[in-house]
Amino acid sequence: MSVAAPAPAASADPPETPAAPPRTRRPWRAHVTMGVVSVALAVYVTSGLWSDPYRHVLSDNVGDQAFFEWLLGYGVYTLQHGSDPFFTELLNAPLGVNLAANTSITVYTVLFSPLTHLAGPQLSFVTLLTLNLSGAAMAWYLFLRRWLVTSPLAAGVAGLFCGFAPGFVSHANGHLNWSAGWVAPVVLWRVLKLREEGRWLRNGLLLGVTLAVGFSIAAEGLFFTAIASGVFLGVWSLARPVREEAKAAFTTVLRALGVAAAVAGTLLSYPLYMHFAGPQSFSGTGFNQRYFVEDAAAYLSFPSRSLAGLLGLHSDLAPNRTEETSFFGVPLLMLIVVVFVVLWRRAAPGRQATLRAVGVTGLVFLVLSWGPRFNWMGAELNIPLPYALLAHLPLFDSALPLRYALALVGVFGVLLALIVQELVSDRITSVNLRTGLISALVVSLLPLVPLPLRIQERAAEPDFIADGTWQRYVSDNGVLTALPFALNVQADGQRWQSYTMARGGPQFRIPSGYFLGPQTTGEEGRKQIGRIGAPPLATDWLFTRAALYGYVTQLTDADREQARSDFAYWGVEAVFLAEEITGSDHMTLYRGAVEATARDLLGEPEQVDDVLVWRIRPGVDPVDR
């Protein structure tokens, strides 16, 4: 995810190691100011959702917002029924879904369950999204002030960059895991504390708990943070000026790491078992690692949701708008190179060890983000890269290469903090250099100022669901589905199920849904890469095809026989069609085609409240005509 560097210890670099800020009220004034600014900017970015959290949805990622709202509703259900937080039978009837192999954000779903129960998953979602963005900026600010700089302005500029960098604003389109950018600085803080003499047990315990929490919220990001920590500390420890210092701390750090591994391993034993060997688990990821790679030209581009994007300076080099993970722009990349050279030339040997480690870490993640083959301007070139050797290894096979670019946010943030510290402390005496650096900072960062996330209207929850009328048509924990069946591009049915979970009381299950699952069942599915959703059967594909393409075909009794078999497999007791259905990114879904298909297959419906309902007797309906 992201990485930051500690200042070298005083023994390694006495002239440049910042002293701890004085314990006065002034640092707290700066902390409060930073907190207010970061929250205000986060509210601005998410303002479209805040304007009506119950009817507005992120148009660039309707499916992921529905999935995370579902998880928040499931958090209430978990506490109320004592159900397994890492496996559910409520989705993908009759097989269920391995939530440990998805992003289950268990800590969030439990902590926010009171708000979810009182105000709904919709409000919990936008609250968490806002806190993620503002919390990331604040966490980086505090981390940088503690380990790197004394200037509140230096830490504040870098913290705001890290919290609202293009990649994290892009992932704010629906991802409550990846928008939690605060996980990296918190973990790194605990890692850097491991060297404290006499506190290896305490620091090991705290790191172990932190790792368990981080795994629950952003497992992939935690994996990146671990790689970044290892690369940075390895390179730093081998540098001649700090080698003896690293040797002296080795035993203490090793003891603390042993404690952290024991604590994290104990806390994560069950979710890790479920992730790798539990029911409905799979190998790798449900996404193509050759497709979800960072185009090298994307680093030179500007993001769509930025001031530069508003002026039409953005590009379409990302797989989708949620994965604009680099998009730093030419000015910032040029500035980073200049800043590194300026800092290196002015640094004592101990500080150069830190800069070298930061630079190597950034280069490692830059190359990893390019994936197994080099891509340029939308074309994959026949140039193999190191990731081709890693792609099939455990953990690496579950990561998407382009997301490694997010680690560069922390690397850039460290360099920005250091150069602003040099400027505000008047260590750069050359007027031309000061003027040039200040101008370059403005020119580089101003185009990246984020815009609010794009939103659209979504279908309101039907009275049929909200008023509990559905209970007359389905037994408790019976199977009910909206038409079309829930998928990432048509997720209404999954959203409405989450609202019933949040309210408590009786519950229904749904077939299919938006999640990551195996290609097939049993041991064979565990060996294969995953897929998005359940393998479609003929009947749910009828309705999906009608919704997405408006395709209506004349059905035969053979189709009805297949539907009887499919409905019996799912155990469906009723299906319903709402007055409105929501598509992703303002996509038009053909409700009329869905209704025509349902009438042809199932006959005339009942008008119940504000929906059309068809009762299903598993194994009997639909009847031949």
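Visitor: Is Arg-599 buried, exposed or partly exposed?
Guide: Arg-599 is partly exposed, with a relative accessible area of 28%. Buried means under 20%, exposed over 50%, and partly exposed in between, using a 1.4 Å probe and protein chains only. This is a predicted model, where local features need pLDDT of at least 70, side-chain atom pairs count only at 80 or more, and totals for chains, interfaces and linings use all residues. Residues are numbered from 1 along each chain as its sequence is written, and side-chain values use heavy atoms, without hydrogens and water.

Visitor: Which residue forms a salt bridge with Arg-599?
Guide: Glu-604 does, with the closest N and O atoms 2.5 Å apart. A salt bridge here is a side-chain nitrogen of Lys or Arg within 4 Å of a carboxyl oxygen of Asp or Glu. Glu-604 is exposed, at 64%.

Visitor: Which residues are linked in that network of salt bridges?
Guide: Arg-591, Glu-595, Arg-599 and Glu-604.

Visitor: And how many salt bridges does the structure hold?
Guide: There are 25. One of them joins Arg-403 and Glu-323, at 2.6 Å from N to O. That pair links distant parts of the chain, 80 residues apart, and both residues are buried.

Visitor: New topic: how many helices and strands are there?
Guide: The protein chain has 24 helices and twelve strands. These are DSSP runs, numbered from the N terminus: helices are H or I with at least four residues, strands E with at least two.

Visitor: What does the C-alpha trace span?
Guide: Along its principal axes, about 90 × 55 × 50 Å. Buried residues make up 59% of the 625 in the chain.
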